[in-house]
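This briefing goes with the sequence and structure shown below. Please look them over before reading the notes.

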Amino acid sequence: AVFDERPKPLAGKRAVITSGPTHEAIDPVRYIANRSSGRQGHAIAAALAKLGADVTLVSGPVAIADPEGVSTVHVESARDMLAAVEAALPADIAVMVAAVSDWRATDSTVQKMKKKPGEAPLPLQLTENPDILKTIGHHAQRPHLVIGFAAETQDVATYAADKLTRKGADLIVANDVSKDGVMGGSRNQVMLVTQETTEVWPDMDKTHVADKLANWIAGRL
Ligand code: CTP
Ligand code: CA
């Protein structure tokens with residue numbers, strides 16, 4: 001093996017990351033989901049591990065490989081994702097990148113739903129999912145650094161600042177998902193919002209965003 005001599009500023013630090021979408025079952029064959037690929041969250045998990053952190057990645061269903069040097073836990077629903085994140089505490093760093101489904105089907109059926117000839121389709125009743133970032137931001141075992149993302153299509157800075165306060169986060173990384181190709185794509189253009197400062201980063205590869213964010217985290221710990 002090649003001897004890696006890069007400095008390890010996050011050695012001895014524990015990090016928990018969420019990534020990807022969640023799948024919320026409607027019946028055994030159908031679910032509610034979104035366009036998240038997991039690329040940004042997985043890249044952040046890998047970047048923190050490269051800086052020496054002990055990383056647990058809690059991933060929703062994605063088509064990409066588990067990152068190297070990271071312990072990956074696979075989940076489907078928002079409720080399972082929250083349980084896996086809490087099981088990874090205590091941690092020094094939490095980065096909640098997952099595009100958690102805001103709602104789940106109120107009652108998922110055990111049997112596949114069937115069309116009934118001549119009958120109107122049943123309305124889909126939804127229940128709000130737990131907010132994982134907000135739970136961790138106000139947790140008895142709150143990590144020292146709690147970071148969230150914000151997917152917005154308008155008024156990015158305003159909504160990000162609101163999420164920062166409401167969810168008890170130290171940093172919100174906001175991205176404008178109205179831009180084509182951000183959600184599910186390989187590039188990202190983000191704005192970092194803390195209580196004190198707002199910083200805009202240029203458009204770059206998601207792996208580059210991840211490396212810069214890992215350095216930002218190392219500088220803050
Ligand atoms: N988040 C979470 N659990 C949820 C919803 C969101 O942990 N049930 C986290 C996301 O991982 C992200 C942050 O909260 O870090 C913001 O997610 P976003 O979808 O932008 O915000 P919401 O609070 O869901 O508000 P809305 O979708 O209405 O803008
Ligand atoms: Ca949401």
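In which loop is the place of aspartate 102? Aspartate 102 sits in the loop between β6 (93-96) and β7 (103-105). The model is a predicted one, and the notes below take the chain as a whole before turning to single residues.

**Overall fold**
- Five helices and 14 strands make up the secondary structure of the chain.
- The radius of gyration is 18 Å, which agrees with the value near 17 Å that a compact globule of 221 residues would have.
- Along the principal axes, the C-alpha atoms fill a box of roughly 70 × 40 × 35 Å.
- Of the contacts between residues at least 6 apart in sequence, 63% join residues at least 24 apart.

**Burial, surface and charge**
- Of the 221 residues in the chain, 46% are buried.
- The chain exposes about 11,800 Å², and 51% of this comes from carbon and sulfur atoms.
- The chain has 24 positive and 27 negative charges, and their mean positions are 3 Å apart.

**Backbone details**
- Leucine 89 and proline 90 are joined by a cis peptide bond, with omega about 5 degrees.
- Proline 90 lies in the loop between α2 (78-87) and β6.
- Aspartate 155, a residue other than glycine, has a positive phi near 45 degrees.
- The loop between β9 (145-152) and α4 (156-167) holds aspartate 155.
- Aspartate 155 counts as partly exposed because its relative accessibility is 49%, and exposed means over 50%.

Technical notes
Residues numbered from 1 in each chain as written. Chains lettered and ligands numbered in written order. Predicted model: local features only at pLDDT ≥ 70, side-chain atom pairs only at ≥ 80, totals over all residues. Heavy atoms only, no water. Helix = DSSP H or I, 4+ residues; strand = E, 2+ residues; numbered from the N terminus. Rg over C-alpha atoms; globule rule 2.2 N^0.38 Å. Buried < 20%, exposed > 50% of the residue type's maximum accessible area, 1.4 Å probe, protein only. Contact = heavy atoms within 4.5 Å. Areas by Shrake-Rupley, 256 points an atom, 1.4 Å probe, with all protein chains shown as cover. Lys, Arg positive; Asp, Glu negative; His and termini not counted. Charge placed at Lys NZ, Arg CZ, Asp CG, Glu CD.
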